[in-house]
Amino acid sequence: MDQLSIAEIQALPATVTLMTAARAIGISRTVAYELARRGAFPCPVQRIGRRYRVQTTGLLAFVGIESDGTTPTATPPDSDSRRTPASAEPRRHSSQPTAAGIRADRPRG
């Protein structure tokens, strides 16, 4: 199964089959149906009877193509100085006690 090109994705009709959407994002048939059944497909899926349909607008948004055919430009990072980056948080070493008071380097038993 070949992945669809950007031009092929842009030429899709308003809704497509789940298999076509799977090809567009590069996942297998099995994974696509499993994600759709769980409600975890990466773009909105409608179930019509026994069939699944995917709106092309959601598919375009997921692959990063605007509805006018352009790719979105990068937005500047958030300048909110109140946020602390994850790298600034202290690292927990395995010999330090955890929140439950159990050291991570000792087996429980």
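**The nonpolar core and its surroundings**

Let me begin inside this predicted model. Its largest nonpolar core comprises 19 residues, and the members with the most contacts inside it are Leu 18, Ala 21, Ile 27, Ala 32, Phe 41, Val 54 and Leu 59.

The protein has four helices and three strands, and along the sequence they follow the pattern α-β-α-α-β-β-α. Of the 109 residues, 19% are buried. Among contacts with a separation of 6 or more, 38% are between residues 24 or more positions apart.

I turn now to the sheet. It is open, with three strands in the order S1-S3-S2 and antiparallel pairing. Strand S1 (15-17) and strand S2 (45-48) are the edge strands, each pairing on one side only. On average, neighbouring strands are turned by 40° against each other, direction ignored. Helix H4 packs on this sheet, where it touches S1 and S3, and its direction makes about 60° with that of S3.

The pairing of S1 with S3 is antiparallel and runs over three bridges. Which residue stands opposite Val 54 in S3? It is Val 16. Val 54 is also one of the core residues with the most contacts. Leaving aside neighbours within four places in sequence, its contacts include Val 16, Leu 18 and Ala 21, as well as Phe 41, Cys 43, Pro 44, Val 45 and Leu 59.

Finally, the aromatic residues. The structure holds one aromatic pair. Because Tyr 33 lies in helix H3 and Tyr 52 in strand S3, the pair ties together parts that are 19 residues apart in sequence.

Are these two partners buried or exposed? Tyr 52 has a relative accessible area of 11% and is therefore buried. Tyr 33, at 24% relative accessibility, counts as partly exposed, since the limit for a buried residue is under 20%.

Definitions and conventions. Residues numbered from 1 in each chain as written. Predicted model: local features only at pLDDT ≥ 70, side-chain atom pairs only at ≥ 80, totals over all residues. Heavy atoms only, no water. Helix = DSSP H or I, 4+ residues; strand = E, 2+ residues; numbered from the N terminus. Buried < 20%, exposed > 50% of the residue type's maximum accessible area, 1.4 Å probe, protein only. Contact = heavy atoms within 4.5 Å. Core = buried A, V, L, I, M, F, W, Y, C linked by side-chain atoms within 4.5 Å. Pairing = 2+ DSSP bridges. Axes fitted to C-alpha atoms, helices over the stretch in contact; angles between N-to-C directions. Phe/Tyr/Trp six-rings, centres within 6.5 Å; stacked < 30°, edge-to-face > 60°.
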